Amino acid sequence: MSISAAFNSALSGLTAAKRASQVVSENIANAMTPGYTRRSVELGSTTHTGSGVKVVGIQRHTDPGITANRRGADASAGGAKTIAEFHNRFQALLGDPTDAASVTQRLAKFESSLISAASRPDSTQRLDIAVDSAADLAKSIAGASDGLRGLRSQADREIGAQVNRLNAALEQTHALNKKITAVAASGHSTDALLDQRQKIVDEINSIVPVNVVSRDHGKIALYTDGGAIILDGPAASFGFEAARDAPAHMTQDNGDLSGLTLNGMPLRTDASGPVGGGTLGALFEVRDELAPQAQSDLDTVARDLMERYESADLDPPLPPDPPGLFIDAGAPVASSAGLAGRLRLNPQVDPEAGGQTWRLRTGLGATTPGDAGDARQLQAFADVLTVRRSPSSGNFGSGQFSAADLSGSLLSYAAQRSSSADQSLGFASAAQTEFTRIEQEQGVDTDAELQTLMAIEHAYGANARMIQALDDMMTTLLRL
């Protein structure tokens with residue numbers, strides 16, 4: 001080997017070592033950066049000059065299979081979390097059975113106050129307590145319904161926000177596709193752009209689970225797990241109009257709530273539809289299925305309470321089909337959904353509405369206080385709560401329930417659904433953690449990178465010593 005060839009070989013080694021050290025340094029610096037993919041230098045020999053080494057390229061170490069599995073786990077965990085949060089918050093609205101503010105405890109307190117008043121029908125204080133307990137019970141049920149309405153409205157608003165973010169992310173991915181193609185054509189590295197695109201695709205995937213398909217010139221296409229094409233060339237556009245409020249009578253079926261469109265075409269939003277599996281599908285499930293189901297159960301309890309006190313036989317002074325102790329205080333609507341939110345105490349016995357508490361003792365239609373020692377009406381009001389009857393609506397089946405049984409079943413069903421959702425979330429989170437760990441094993445290992453850096457240092461030193469030896473040889477030759 002000639003001196004010049006040896007010099008060129010050592011110089012190419014120094015250049016390669018420099019580039020390799022830069023790549024290792026970038027790996028270590030970005031070890032904790034989300035979306036960063038480990039790089040390594042690909043080396044080759046400079047066969048056209050007869051000796052030396054050259055940097056062929058920079059390789060990004062990714063495993064499409066592992067990434068796809070991790071994305072699937074991310075989407076499942078996001079959807080499960082959305083569902084679990086709804087069930088947990090609805091359960092909190094109903095209250096714990098041991099909580100004095102829960103629906104079941106309010107009902108028990110009302111029943112107990114009626115029994116107490118029946119033992120001393122002449123006691124104005126006990127009548128006042130019974131009326132206050134009835135009002136608290138109605139407010140408790142109506143409050144839970146209002147809270148449920150808030151959860152549904154929040155889900156509708158979050159759908160709007162996620163659709164906006166989804167459209168923006170698809171446009172960003174489309175723009176990055178074009179940039180990657182242009183940069184690659186100019187011969188420069190596209191690694192940073194690829195990392196950025198992967199991070200945005202991960203965000204899209206959390207909203208709507210996607211499959212990534214490679215296209216020519218570094219571009220990608222995106223398809224949802226349900227088969228919808230959302231990016232293949234131009235980005236698709238999702239459409240949705242969020243409502244200011246989402247009361248129970250408003251649904252997508254009757255046109256009061258917006259559905260989802262893709263490039264102007266209606267799109268199914270159920271769990272098995274084109275956008276099911278991520279947070280967007282879960283929010284539609286909350287708005288269109290879970291919240292209406294919970295509202296129906298709550299309405300059943302409210303209706304049962306009203307119907308128990310609407311019998312003329314129970315309260316003889318009343319005309320046929322009278323309003324009972326609890327009434328629907330809302331304006332008529334096309335649907336009876338949301339009755340629980342309109343539940344109120346009959347103003348005939350409500351002092352705040354100008355009523356008289358002694359009507360609990362004499363009857364809601366009475367015009368005079370009557371016999372202060374007569375406890376028959378109070379006892380009848382208490383006894384009607386223990387009558388076993390079949391609910392006229394809801395998801396409680398065809399069994400017969402007392403008022404306490406029905407409210408207890410409401411809390412029990414809510415607790416069961418919350419527990420089931422938490423279990424699903426736990427499973428999805430465990431899968432997400434495991435796939436994330438597997439993917440990270442393909443990422444930056446700082447110990448391994450430091451070992452590589454030491455090997456690069458030795459190679460750099462060897463090439464430097466080669467140049468120093470060549471310099472000594474040239475100096476010696478020139479002295480001869």
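Trainee: What do β3 and β4 form?
Mentor: β3 and β4 form a hairpin with five residues between them. His-217 in the turn has a positive phi of about 65°. This is a predicted model, where local features need pLDDT of at least 70, side-chain atom pairs count only at pLDDT 80 or more, and totals for chains, interfaces and linings use all residues. Residues are numbered from 1 along each chain as its sequence is written, and side-chain values use heavy atoms, with hydrogens and water left out.

Trainee: What counts as a strand, and when do two of them pair?
Mentor: Strands are DSSP runs of E, at least two residues, numbered from the N terminus. Two strands pair if DSSP finds at least two bridges between them.

Trainee: OK, how many bridges for β3 and β4?
Mentor: Five, and the pairing of β3 (residues 210-214) with β4 is antiparallel. Asn-211 has Tyr-223 in β4 as its bridge partner.

Trainee: Which residue in β5 is the bridge partner of Tyr-223?
Mentor: Ile-229. β4 and β5 (residues 229-231) run antiparallel, joined by two bridges. Their hairpin has four residues between the strands, and Gly-227 there takes a positive phi near 100°.

Trainee: Why is β4 largely enclosed?
Mentor: Because four of the five residues of β4 (residues 220-224) are buried. Buried means under 20% relative accessible area, with a 1.4 Å probe and protein chains only.

Trainee: New topic. What is the strand order in the open sheet of three strands?
Mentor: β6-β7-β8, with antiparallel pairing. The edge strands, β6 (238-239) and β8 (265-267), each pair on one side only.

Trainee: And how many bridges between β7 and β8?
Mentor: Three, with β7 covering residues 260-262. Leu-260 has Leu-267 in β8 as its bridge partner.

Terms used. Buried < 20%, exposed > 50% of the residue type's maximum accessible area, 1.4 Å probe, protein only.
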